[in-house]
Amino acid sequence: MDNFTFEESREFGEPGVKYFGRFDFSEGKGPKFGWSASIISARFYGKSVSAKIKSFGRNFFVVIVDNEVVIDSLELEEDAEGIYILAKGLKEGEHEVKLIKRTEFNIGWAQFLGFNFGDGNIIPPKDDSKKLKIEIVGDSISCGFGIEGANETIEYDPKYDNSYYSYGTLAAKELNAEHMIIACSGFGLTKNYGGETVYTMPSKYPLVIPNSTEKWDFNKWIPEVVAINLGTNDFSENCLPGREAFVDLYKKLVYTIHKNYPKAKIICSIGPVIENEALEITREYVKNGVVQSIKNEHNDWIYFLEYDHHLESYGRGISGHPSIKTHKIMGKRLANKIREIL
C-alpha cells in the first residue's frame with residue numbers, strides 16, 4: 001500500500017483533496033497543520049481508504065465516512081510516520097472521507113502525506129463555495145478541552161479533548177457551514193493562564209501553525225462570521241486585569257480581524273465558566289468597553305453574546321470545563337445568534 005498521494009485543493013470539476021483550516025504547503029511532501037478541527041476530505045470511488053500521516057507529538061482524529069463517524073478517536077503513533085486504515089469493506093461506489101483533528105497544537109501537530117483508495121480512485125469534490133463560513137477564535141473551551149472526561153475523577157489526557165463536539169463545530173453543523181477554530185488552551189488577551197504575557201492570542205492569531213513563524217494568507221478563506229470567546233484566562237487565578245489594557249488589546253484584535261475580513265460580522269462573547277465579580281467585570285469590559293465603543297464609532301458589524309453559565313446538572317469536563325451537554329447548548333445559542341445577525 002504505497003500509492004499515497006496528497007493534492008492541494010483544486011477547482012471544482014477536477015479531482016483533488018480539500019483542506020478546511022490553516023495548512024502549510026511550503027514543504028513538497030505534504031501540508032503541515034496544527035489548529036484544532038483542521039479537516040482533510042476527499043470524495044472517492046472504491047471500497048477502502050487509508051491515510052499516511054506524520055505525527056509530531058500526540059494527535060487524535062475523528063474519521064467520518066459518508067457523514068457517519070466510523071472512528072471516534074484515531075490516535076497517531078507519537079512522533080512517527082504511519083499508515084492508518086480509515087475504512088474498509090465499504091460498498092463499492094462513491095464515498096466521502098473526512099479526517100478531523102480532535103486535539104490542540106500544543107499537544108501535537110501533523111503532516112498529511114496522502115490518501116490511498118486501494119483499487120479505487122479519487123473523484124471531483126463537491127462545490128461548497130457558497131457555504132456559510134464561520135471562524136471561531138478562543139481558548140480551551142473553543143477547542144473542546146477535556147470534553148469527554150469527568151471533572152475531578154479523571155486525570156487529564158489529550159484523548160479526552162474533542163473539537164468535533166465543541167460548540168463552534170456544533171453551530172457550524174447546525175447551519176450547514178464550514179468553520180475554522182483558531183484557539184488553544186490557556187490563551188488570553190492580556191495574559192495566558194499561568195501568567196504568560198508574550199505568546200497570547202494576538203501573537204498567534206496570524207500564524208498558519210502556531211508553533212511556527214509562517215504567516216497565514218487571510219485571502220485563502222474568508223468567513224462571513226467571526227465569533228470570539230476570549231477573556232476567561234485573563235481573569236483566572238483571581239486576577240482582574242485592568243480595563244484599559246484589556247479593552248485596548250481586545251479592540252486591536254477585533255480591528256485586525258475586521259481588516260482581514262471587512263464584510264464579516266464579528267461576535268464578541270463571554271464564555272460559560274466565568275462567574276461572580278469576574279463575570280460582572282468581564283461583561284462590562286466586553287459589552288461596553290469593546291462592543292459598544294466600536295458601535296459608537298459608526299460600525300454595524302460588531303455584536304455581543306453571553307453564553308449561559310454551565311450548570312452542575314449538565315456535568316463538567318476535566319478541570320471544570322464545559323461538558324458535551326453544555327457545548328450543545330452553546331452551539332445552539334451561537335447558531336441562533338448567527339441566524340439573527342445574518
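# Briefing: cores, cysteines and a cavity

Glutamate 178 counts as buried, at 10% relative accessibility (buried means under 20% relative accessible area, exposed over 50% and partly exposed in between, with a 1.4 Å probe and protein chains only). This is a predicted model, in which local features need pLDDT of at least 70 and side-chain atom pairs count only at pLDDT 80 or more, while totals for chains, interfaces and linings use all residues. Residues are numbered from 1 along each chain as its sequence is written, and side-chain values use heavy atoms, with hydrogens and water left out.

**Glutamate 178**

- Glutamate 178 sits in strand E12 (helices, H or I with at least four residues, and strands, E with at least two, are DSSP runs numbered from the N terminus).
- Setting aside neighbours within four places in sequence, glutamate 178 is in contact with Phe20, Asp128, Lys131, Leu132, Lys133, Ile134 and Trp221 (contact means heavy atoms within 4.5 Å).
- From glutamate 178 to valine 198 is 20 residues in sequence, and 31 Å in space from C-alpha to C-alpha.

**Nonpolar cores**

- The largest nonpolar core has 43 residues, of which Tyr205, Ile228, Tyr250, Val254, Ile257 and Cys268 touch the most other members (such a core is a set of buried Ala, Val, Leu, Ile, Met, Phe, Trp, Tyr and Cys residues joined through side-chain atoms within 4.5 Å).
- At least two residues of this core come from each of strand E12 (178–183), strand E13 (225–229), helix H4 (243–260), strand E14 (265–270), helix H5 (276–295) and strand E15 (302–306).
- H5 gives the largest share of this core, 8 residues.
- A second, separate core of 26 residues includes Val49, Ala87, Leu90 and Leu99.
- Beyond neighbours within four places in sequence, tyrosine 250 is in contact with Leu189, Ile228, Leu230, Cys268, Ser269, Val286 and Val290.

**Cysteines**

- You will find 0 disulfides in the structure (a disulfide is a pair of cysteine sulfur atoms within 2.5 Å).
- Cysteine 184 is in no disulfide, and its nearest cysteine sulfur, that of cysteine 143, is 5.8 Å away.
- Cysteine 184 is also buried, at 2% relative accessibility.
- For cysteine 268, the closest cysteine sulfur is in cysteine 143, and at 18 Å it is too far for a bond.
- Cysteine 268 is buried as well, with a relative accessible area of 0%.

**The cavity**

- The structure holds 1 cavity of 30 Å³ or more (on a 1 Å grid over the protein atoms alone, a cavity is a set of points where a 1.4 Å probe fits but cannot get out, and lining residues have an atom within 4 Å of a point).
- The largest cavity has a volume of about 50 Å³ (grid points are joined across faces, edges and corners, and a volume is the space filled by probe spheres set on the points).
- Its lining is made up of Tyr307, Asp308, His309, His310, Tyr314, Thr326, Ile329, Met330 and Arg333.

**Exposed residues and positive phi**

- Asparagine 67 lies in the loop between strand E5 (60–65) and strand E6 (68–75), and is exposed with a relative accessible area of 61%.
- Asparagine 67 and glutamate 96 are 29 residues apart in sequence, yet 7.8 Å apart in space, C-alpha to C-alpha.
- Aspartate 79, in the loop between E6 and strand E7 (81–87), has a positive phi near 50 degrees without being a glycine.
- Aspartate 79 counts as exposed, at 55% relative accessibility.
- Asparagine 276, in helix H5, is another residue other than glycine with a positive phi, about 60 degrees.
- Asparagine 276 is exposed, with a relative accessible area of 59%.

How values were computed:
1 Å grid on protein atoms, 1.4 Å probe; cavity = no way out; pocket = protein on both sides within 12 Å on 5 of 7 lines; lining within 4 Å.
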